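This report covers the confidence, disulfide, core and selected residues of one structure. The sequence and coordinates are shown below.

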Amino acid sequence: MKSFARFALAACLAAAAGAAHADEADFLRSFRGNFAGKGTVKVTTEAPTVNVSCRFNSDATSTSLSLDGKCRGLVVVTRAISADLKSSWAKYSGTYVGSRTGPAQLSGSRSGNAINLGIRWAKEVNGDRKAQMTVEKNGEDGMRLTVTDVDPKTGESVVTSRIDLQRI
């Protein structure tokens with residue numbers, strides 16, 4: 001009887017894990033497509049805010065999300081931005097390119113409709129090499145990309161970029 005109970009428990013756990021993986025795959029694929037939108041960016045916590053307009057192509061599979069785009073600010077300044085994430089269940093890791101410091105490492109997990117990522121910059125930004133990024137599903141056809149960092153003078157969390165995108 002004990003061996004049957006163990007077998008039944010193992011089968012239930014395997015089924016739950018399979019359902020969780022399918023849910024994660026559907027979540028990732030919901031980001032697939034072309035997106036455009038606007039937002040704000042600050043190079044440092046003390047820098048002035050710059051309004052930007054952005055376009056992204058998002059490719060997604062059952063285990064990965066790749067964002068590739070450009071943001072334009074101040075009419076003449078354009079910066080290429082990309083993020084490549086790999087998923088193992090609800091845990092994520094990858095690389096972000098777009099900072100003036102070079103490629104940054106990303107790692108984190110999903111919570112509801114958002115992927116919450118810790119950033120490890122290639123060089124110090126705002127007094128350290130850490131920040132946070134959130135890639136959030138915003139309705140059926142929207143996405144919000146937010147980066148927050150800690151102001152070294154005040155210790156307060158500051159939004160250094162927030163870009164709201166809609167599927168086009």
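## Disulfide

C71 is buried, with a relative accessibility of 6%; buried denotes under 20% relative accessible area, exposed over 50%, and partly exposed the range in between, with a 1.4 Å probe and protein chains only. Its partner in a disulfide is C54, at an S to S distance of 2.0 Å, where a disulfide is a pair of cysteine sulfur atoms within 2.5 Å. C54 lies in strand β2 (residues 50–60) and C71 in strand β3 (residues 64–73), so the bond ties together parts that are 17 residues apart in sequence. Helices (H or I, at least four residues) and strands (E, at least two) are DSSP runs numbered from the N terminus.

The link of C54 and C71 is right-handed, with 110° about the S-S bond. C54 is also buried, at 3% relative accessibility. The structure holds 1 disulfide.

## Model and confidence

This is a predicted model, in which local features need pLDDT of at least 70 and side-chain atom pairs count only at pLDDT 80 or more, while totals for chains, interfaces and linings use all residues. Residues are numbered from 1 along each chain as its sequence is written, and side-chain values use heavy atoms, with hydrogens and water left out.

The protein chain has a mean pLDDT of 87, and 86% of its residues reach 70 or more; pLDDT is the predictor's confidence in each residue, from 0 to 100. Among the chain's elements, strand β1 (residues 33–41) has the highest mean pLDDT (97) and helix α1 (residues 2–29) the lowest (54). Over residues 4–21 pLDDT stays under 50, and the model has 4 contacts beyond four places in sequence for them; a contact means heavy atoms within 4.5 Å. Where pLDDT is low, the predicted coordinates should not be read in detail.

## Nonpolar core

The largest nonpolar core has 31 residues, of which L65 and V135 touch the most other members. Strand β7 (residues 114–125) gives the most to this core, with 5 residues. Such a core is a set of buried Ala, Val, Leu, Ile, Met, Phe, Trp, Tyr and Cys residues joined through side-chain atoms within 4.5 Å.

Not counting residues up to four places away in sequence, V135 touches F31, L65, N113, A114, I115, L117, M143, R144 and L145.

## Two further buried residues

T146 is found in strand β9 (residues 142–150) and is buried at 9% relative accessibility. Leaving aside neighbours within four places in sequence, T146 is in contact with Q132, M133, T134, V159, S161 and R162.

N126 is found in the loop between β7 and β8 (128–137). N126 is a residue other than glycine with a positive phi, near 55°, and is buried, with a relative accessible area of 12%.
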